[in-house]
Amino acid sequence: MKLVDSHCHLDDSKFDEDRDQTIERARAAGVERLLAIGTGSGPPDLEAAMRLAERYDFIYATIGVHPHDAAKATEETFTRLRELADHPKVLAIGEIGLDYHYDFSPRPVQQEVFARQLALAAEARKPIIIHTREAWEDTLAQITSLPHGGIMHCFTGDPAQARQALDRGFHLSFGGVLTFPKAEIVREAARLTPDDRLLVETDCPYLAPIPHRGKRNEPAFMLATVNRLAEVRGSSPEAIAELTTRNFDRLF
């Protein structure tokens with residue numbers, strides 16, 4: 001199988017001791033390409049993913065300010081994001097959005113930084129990658145259009161929310177949560193997602209799928225998610241790999 005991990009945080013310090021080996025294991029497992037998410041630890045460092053993308057020809061990057069780090073954003077942050085958006089290996093703006101679970105940044109600040117990054121993505125003609133937690137309605141309210149496509153990353157909503165996102169033109173990306181015993185609503189959402197809107201991811205080092213739950217997640221573990229997704233959709237892992245890779249190519 002040829003797979004694409006559409007969302008991974010390989011810059012995370014949890015990979016400092018074996019990052020190269022982790023990437024080698026991913027390739028051995030059939031993960032041919034990876035999209036490294038560039039939010040890192042937040043501004044002023046905006047190039048966490050680009051450093052990886054410049055080292056490996058099969059790793060691509062995003063740039064953006066995570067809602068947790070919205071309070072760190074300055075005018076210089078947005079100036080630099082505009083510059084980086086022109087880099088040939090930067091595929092998207094993300095992950096961006098709203099997170100009301102932790103409120104690490106004040107909600108009005110999150111909303112302002114989100115709005116400015118949505119405008120930046122439109123200006124740069126890039127897709128967006130959305131992080132939303134306990135802020136679904138506010139997140140959707142800020143996305144008035146989706147001119148260049150987008151992903152609801154690590155989708156864990158219910159079927160009604162899935163339909164809302166699909167109606168707006170989003171792709172839905174499923175990760176390890178899909179395999180959790182109590183995640184039936186997520187599996188229902190995965191069943192109804194059209195073939196041409198489906199993506200897979202790890203969100204590593206977080207949310208390792210069963211049977212790896214509790215361990216540090218890594219791209220090679222995505223096979224477990226793909227196998228479960230195939231069961232949920234009455235398909236085969238090979239077919240899931242083929243269509244999600246095709247969808248990634250089409251989007252980016």
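I shall speak about the nonpolar cores, one serine, a pair of helices and one further arginine.

This is a predicted model, in which local features need pLDDT of at least 70 and side-chain atom pairs count only at pLDDT 80 or more, while totals for chains, interfaces and linings use all residues. Residues are numbered from 1 along each chain as its sequence is written, and side-chain values use heavy atoms, with hydrogens and water left out.

I begin with the cores. A nonpolar core is a set of buried Ala, Val, Leu, Ile, Met, Phe, Trp, Tyr and Cys residues joined through side-chain atoms within 4.5 Å. Buried means under 20% relative accessible area, exposed over 50%, and partly exposed in between, with a 1.4 Å probe and protein chains only. The largest nonpolar core has 69 residues, and Leu 10, Ile 59, Met 152 and Phe 174 have the most contacts inside it. A second, separate core of 10 residues includes Val 4, Ala 92, Leu 199 and Phe 248.

Next, the serine. Ser 173 lies in strand β7, residues 171-174; strands are DSSP runs of E, at least two residues, and helices are runs of H or I, at least four, numbered from the N terminus. Is Ser 173 buried or exposed? Ser 173 is buried, at a relative accessible area of 0%. Its side chain makes a polar contact of 3.2 Å with that of Ser 6 and another of 2.8 Å with that of Glu 201. A polar contact is a pair of N or O atoms within 3.5 Å; within protein, one must be able to donate a hydrogen and the other to accept it, and residues adjacent in sequence count only if both atoms are side-chain atoms.

I turn to the helices. Helix α6 (residues 159-167) and helix α7 (residues 184-192) pack at an angle of about 35°, with axes 8 Å apart. Axes are lines fitted to C-alpha atoms, for helices over the stretch in contact, and angles run from 0 to 180 degrees between N-to-C directions. The contact, meaning heavy atoms within 4.5 Å, involves Pro 159, Ala 162, Arg 163 and Leu 166 of α6 and Ile 185, Glu 188, Ala 189 and Leu 192 of α7. Arg 163 is partly exposed, at 46% relative accessibility.

Finally, Arg 246 is in helix α9, residues 237-251. Arg 246 is partly exposed, at 40% relative accessibility. Between Arg 246 and Val 4 there are 242 residues in sequence, yet the C-alpha to C-alpha distance is 9.4 Å.
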